[in-house]
Amino acid sequence: MVLFRTVAASLSLVVTVARLLTQPAQEPSRADSLSFMVIAGAYVLTVVTGLRLRRGTAGRLDAMVTVAGDVLIATGLVYLSGGADSPLTFLYSLAVIGAAVVLDWRGALVAAAVSTFVFTALLLVMRLTTPVDAVAVPPARVLFVLGSNALALVLIAVLSGYLSRQLSATGGALSQSEADLRRLGRLQQLILSSMPSGLVTCDAERRVTFLNTAAHGILQVQDTASVVGLPLEALLPGVSTLGPRATRGELRVRTPGGNRVLGLSVSPLEGEAGALLIVFQDLTELRRMEEDLKRTDRLASLGALSAQLAHEIRNPLAAMRGSAQLLAQEQSRDVVVMKLTGILTREADRLARLVEDFLRFARPPEPQRRPVALDTLLSETVDMLRADPLAREVQMEVRAPEALTAPVDPDQLRQVLINLLRNGFQAAGPQGTVRVALARVEKEAQIRVWDSAGSITEEMMGHLFEPFFTTRSGGTGLGLSTAHSIIRAHGGSIRVTSNPADGTEFLVGLPL
């Protein structure tokens with residue numbers, strides 16, 4: 001309404017000025033001065049109403065004042081343009097329509113009544129102030145103009161009021177629909193953000209269009225903009241082999257944090273031909289736990305069999321060594337006999353140590369737990385191994401920023417550290433690096449043994465803690481399996497990650 005009044009006042013000003021410019025140069029008449037006053041009044045009313053609207057202080061009273069001002073402006077223009085014969089009587093209709101917009105149908109009827117009253121009063125005043133001989137409009141004509149304008153204003157008030165009600169109802173319904181739509185949009189975003197499963201959508205050209213928060217975390221995607229638009233195969237390699245309606249499948253995906261095992265389902269995205277919806281979960285930890293459980297079952301079965309077998313080997317081995325010692329005690333001058341007796345004794349001792357190691361793996365003694373300062377145990381073990389030939393020319397680092405105490409068997413834990421560190425020394429080799437770190441993570445003490453080699457392959461991962469599995473010549477393959485048994489007996493866990501770029505890391509977790 002403010003904008004409309006501004007345009008109307010500006011057009012009136014242009015018409016008045018143009019009319020003055022087309023007339024001979026003379027002083028503006030009284031009618032011209034009144035025209036400028038009416039136009040100025042329209043501008044003042046517009047400015048005041050606009051400022052109150054801008055400040056947010058405009059209310060129903062401002063709307064009533066605005067409609068009243070429109071009626072007065074229309075009256076002034078009708079008066080200046082001829083009264084009953086004025087071509088501008090339609091301005092009252094605009095005032096009534098404006099009242100219907102800002103004051104509903106009741107305001108439109110009131111505006112129509114006020115406009116009729118003011119127009120009647122204007123014609124009456126003009127009739128009384130005009131000399132009888134100068135009156136050009138007969139009374140019948142005046143009555144006809146008054147009646148027709150009153151009827152037109154009432155009809156316009158009824159029609160505009162009805163349209164205003166319909167517009168208001170439609171606008172309210174539209175606003176409610178928009179609010180509901182926004183609420184549903186927020187709810188949808190909350191649902192997608194709260195889903196523990198990853199969700200990815202792609203278009204018919206198999207290009208990524210959306211990732212939810214869980215998908216960002218699982219795939220370790222930093223920026224959505226860098227992924228949206230990429231081929232789906234670049235984000236989830238191998239997903240196209242599952243088909244558009246795969247209810248269940250598994251993929252191995254390489255992420256910045258390492259390889260992940262994903263269990264996912266693929267289904268068509270309704271509403272867009274060819275588009276796909278992929279929902280997946282991170283099964284890496286579950287598969288690792290399954291592998292640990294299977295490994296533990298295999299090791300338990302193998303341990304029971306191995307203990308029995310080692311026990312059966314120990315008795316004849318002791319008899320063989322005793323016989324060899326008796327032969328060695330005889331003062332035999334036969335060099336060959338003495339040499340063979342020495343070999344027999346030495347190999348029997350080696351076999352006895354191997355049996356002891358095997359028994360230690362098969363039936364590790366119950367840990368004798370007591371509070372142990374892990375940082376001190378770590379430093380002492382590393383210092384002891386600095387003189388190891390394998391540690392020659394290997395750079396060793398120890399990181400233990402805080403003192404941690406845990407209930408462990410210090411001798412067994414030291415044995416685990418020795419096995420892991422020696423493996424790291426041998427893998428890293430000369431000019432390599434081995435790093436040991438200790439940290440607290442929630443209710444767990446974590447010992448990380450890292451080497452710079454990263455030489456453990458995916459095929460080796462599944463057999464790493466199995467007995468007799470070794471990749472070096474002369475190794476028994478019992479070091480890591482024994483370490484696994486000891487850590488499991490402490491109620492902890494041992495995990496390994498390896499790749500040539502990031503090195504190999506053994507993570508030992510011990511409950512605090």
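Colleague: Hi! Which helix do R183 and D180 lie in?
Modeller: Both belong to helix α5, which covers residues 139-194. R183 and D180 are 3 residues apart there, about one turn of the helix. Helices here are DSSP runs of H or I with at least four residues, strands are E runs of at least two, and both are numbered from the N terminus.

Colleague: And what kind of model is this?
Modeller: This is a predicted model, where local features need pLDDT of at least 70, side-chain atom pairs count only at pLDDT 80 or more, and totals for chains, interfaces and linings use all residues. Residues are numbered from 1 along each chain as its sequence is written, and side-chain values use heavy atoms, with hydrogens and water left out.

Colleague: Back to the helix, then. How do the side chains of R183 and D180 meet?
Modeller: They form a salt bridge, with 2.2 Å from N to O. That term means a side-chain nitrogen of Lys or Arg within 4 Å of a carboxyl oxygen of Asp or Glu.

Colleague: Why can side chains pair like that?
Modeller: Side chains of opposite charge can pair when their charged atoms come close.

Colleague: Is R183 buried, partly exposed or exposed?
Modeller: R183 is partly exposed, at 43% relative accessibility. D180 is partly exposed as well, at 26%. Buried means under 20% relative accessible area, exposed means over 50%, and partly exposed is in between (1.4 Å probe, protein chains only).

Colleague: Nice. How many salt bridges are there by this rule?
Modeller: The count is 9. One of them joins D388 to R422, with their closest N and O atoms 2.2 Å apart. That pair links distant parts of the chain: D388 sits in the loop between α10 (374-385) and β7 (395-399), while R422 is in helix α11, 34 residues away. D388 is buried at 12% relative accessibility, whereas R422 is partly exposed at 28%. There is also a network, in which bridges with shared partners join E380, D411 and R414.

Colleague: New topic! Which residues touch the most other members in the largest nonpolar core?
Modeller: Those are L420, L421, F425, I447 and F506, out of 39 residues in that core. Helix α11 (residues 410-428) gives the largest share, 7 residues. A nonpolar core is a set of buried Ala, Val, Leu, Ile, Met, Phe, Trp, Tyr and Cys residues joined through side-chain atoms within 4.5 Å.

Colleague: What is F425 in contact with, leaving aside neighbours within four places in sequence?
Modeller: Its contacts (heavy atoms within 4.5 Å) are L385, L390, A391, V394, M396 and V434. Apart from this core lies another, of 28 residues, including A100, A111, F119 and A157.
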